[in-house]
Amino acid sequence: MKNEIEKYMVIITFISSYFTVFVMSGVILCTPSIAKEFGMNNVVQNWILTAFTLIVTMLTIPAGQIAGKYGFKRTLYISNSIFLIGLIGTLFAHTTEVFFITRLIQSIGIAFVNVCEIAIISLAISKENRGKALGIIITAVYLGNSTSPVISGFLNQNFGWRSIFIISVIFIAISVMLVKTKITPEWKTNENDKIDKIGSLLYMVGIGFLIYGFTTLITNTGKILTILGTIILVIYLVYEFKQKSPSFNVNLLKIKTFTTYNISGMLGYFSVMVFSTLINYYFQYIKGYNSAMTGLILIISPIVMSTTAPFAGKLSDKLHPQKIATVGMTIMTISLIILSFLDKTTPMYIVIIAMILQAFGTGLFSSPNLNAIMSSVDEEHAGYASAGQLAARAIGQSMSLGLLTLIFSWIMGNLNLSSRYADMILKSSEITFIICAIACGFAIIISLIGIRSDKKLN
């Protein structure tokens with residue numbers, strides 16, 4: 001990167017991206033320990049991650065308009081501070097309720113941080129370096145995934161799960177100070193717009209009902225909430241088309257490439273989000289490994305991702321990015337099909353091959369898909385585009401975790417996750433992997449439709 005602002009923005013976004021994922025991956029690995037301490041059943045345990053991604057999903061669209069109006073740098077500083085407060089609060093959580101409240105605070109901060117990072121990279125970094133910069137951010141995500149299992153497994157085994165949050169507090173505090181002292185410019189894309197409170201509320205309520213209802217679809221309440229959430233989201237889209245200052249510029253959806261790349265991205269993230277959780281369950285509940293041993297094995301995937309992502313990001317500045325993403329999703333589909341056949345006797349080398357394929361495919365998919373989405377719109381729409389792609393990603397991730405909760409509650413009821421119920425855990429995992437493989441197949445088809453109509457990038 002040529003100037004100081006670009007350099008520090010990459011450093012700041014690297015730190016924030018890394019520790020967002022570091023905490024998330026650490027929590028996944030330590031979920032059995034957290035659930036045991038607070039006496040959670042499998043439904044509540046699965047909600048540890050689902051609730052986090054649900055709140056991020058609900059806030060991403062409003063965050064795009066708010067950050068664009070008041071300034072992406074200012075919002076990044078405030079939201080990173082909120083994330084820091086949430087991390088500190090978790091250190092003192094001694095009940096299930098307090099734990100979830102502090103996770104709620106973290107998710108509020110992260111929703112705004114994510115939007116600001118992508119928007120600033122698109123606005124502050126020259127176009128010829130944008131793919132490279134996005135690749136660095138994605139690398140931070142995968143490095144967080146790669147180091148978190150080992151570090152978190154060691155810390156959890158020797159010092160307890162709270163030690164993961166102590167490390168994160170230190171580095172997020174550094175990120176907050178860097179934004180305050182090193183980033184002087186401000187970026188605003190819709191300073192004169194009024195905040196669309198009604199539109200934001202419709203979106204938040206609609207997406208909240210839809211995702212929560214989906215996780216409890218086996219109940220009558222779940223069915224009602226799912227239908228109601230869908231209706232509210234349709235009303236939201238109709239309402240936004242009539243607004244001069246919408247919470248999200250829905251006219252962007254008329255751009256075929258923007259829409260198709262977002263849908264394929266959403267399905268792609270839906271397909272891979274449950275991977276870490278299910279593989280973690282497989283090693284700890286089926287194979288009987290402790291968290292430290294599991295962490296050492298889980299590091300394989302993120303290492304492959306972190307080496308693939310920078311290459312894919314840089315390559316996406318030269319070749320059509322969505323074509324690279326489509327190759328990645330094809331490899332992901334193959335991996336998910338292999339994983340759907342896991343059982344107690346599956347040879348370890350088969351599991352490792354599937355993990356490598358999943359990691360390689362995800363590395364090829366993530367940053368090129370992001371680059372394709374951001375490149376499909378003009379710079380003046382960067383804030384809305386950033387919020388849109390993050391919302392699509394978060395919806396995919398939330399629905400994926402919702403699927404996990406739904407399938408496990410359907411198969412296991414309210415039983416606690418334990419090696420005693422290994423057969424039910426395997427059955428739940430098999431169904432989940434099959435559904436994810438099918439979704440990834442649809443993502444490939446939709447991606448190809450977008451590529452054929454892409455005059456801007458072609």
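Where is the place of Leu415? Leu415 sits in the loop between α15 and α16, the latter covering 422-452. These close-ups all come from a predicted model.

**View 1. Leu415 in the loop between α15 and α16.** Leu415 has a relative accessibility of 30%, so it counts as partly exposed.

**View 2. Ser409 in helix α15.** This helix runs over residues 382-412, and Ser409 is part of it. Is Ser409 buried or exposed? Its relative accessibility is 13%, so Ser409 counts as buried; the cut-off for that label is under 20%. A polar atom of the Ser409 side chain lies 2.9 Å from the backbone oxygen of Thr405.

**View 3. Thr308 in helix α12.** Here we're looking at a residue of the helix that spans residues 300-315. Thr308 has a relative accessible area of 6%, so it's buried. What does Thr308 touch, once residues up to four places away in sequence are set aside? The list is Phe360, Gly363 and Leu364.

**View 4. Helix α13 packed with helix α14.** Residues 321-339 make up α13, and residues 348-375 make up α14. Their axes are 7 Å apart, and the packing angle is about 155°. That angle makes α13 roughly antiparallel to α14, since the label applies to angles over 145 degrees. The two helices cross in a left-handed way. As for who's at the contact, the residues split into 18 nonpolar and eight polar, with no charged ones.

**View 5. Helix α3 packed with helix α6.** This pair brings together residues 72-91 (α3) and residues 162-182 (α6). The angle is about 160° and the axes are 9 Å apart, so α3 and α6 are roughly antiparallel to each other. The crossing of α3 past α6 is left-handed. On the α3 side, the contact residues include Leu76, Tyr77, Phe83, Leu84 and Leu87, along with Lys73. On the α6 side, look for Phe165, Ile166, Val169, Ile172 and Val176, and also Arg162 and Lys180, among others. How many residues of each class does the contact of α3 with α6 have? There are 14 nonpolar, five polar and three charged ones.

Conventions
Residues are numbered from 1 along each chain as its sequence is written. This is a predicted model: local features need pLDDT of at least 70, side-chain atom pairs count only at pLDDT 80 or more; totals for chains, interfaces and linings use all residues. Side-chain values use heavy atoms; hydrogens and water are left out. Axes are lines fitted to C-alpha atoms, for helices over the stretch in contact, and angles run from 0 to 180 degrees between N-to-C directions. Helices (H or I, at least four residues) and strands (E, at least two) are DSSP runs, numbered from the N terminus. Angles under 35 degrees count as roughly parallel, over 145 as roughly antiparallel, 65 to 115 as roughly perpendicular and the rest as oblique. A crossing is left-handed if the near helix is turned anticlockwise from the far one by less than a right angle, and right-handed if clockwise. Ala, Val, Leu, Ile, Met, Phe, Trp, Tyr, Cys and Pro count as nonpolar, Asp, Glu, Lys and Arg as charged, and the others, Gly among them, as polar. Buried means under 20% relative accessible area, exposed over 50%, partly exposed in between (1.4 Å probe, protein chains only). Contact means heavy atoms within 4.5 Å. A polar contact is a pair of N or O atoms within 3.5 Å; within protein, one must be able to donate a hydrogen and the other to accept it, and residues adjacent in sequence count only if both atoms are side-chain atoms.
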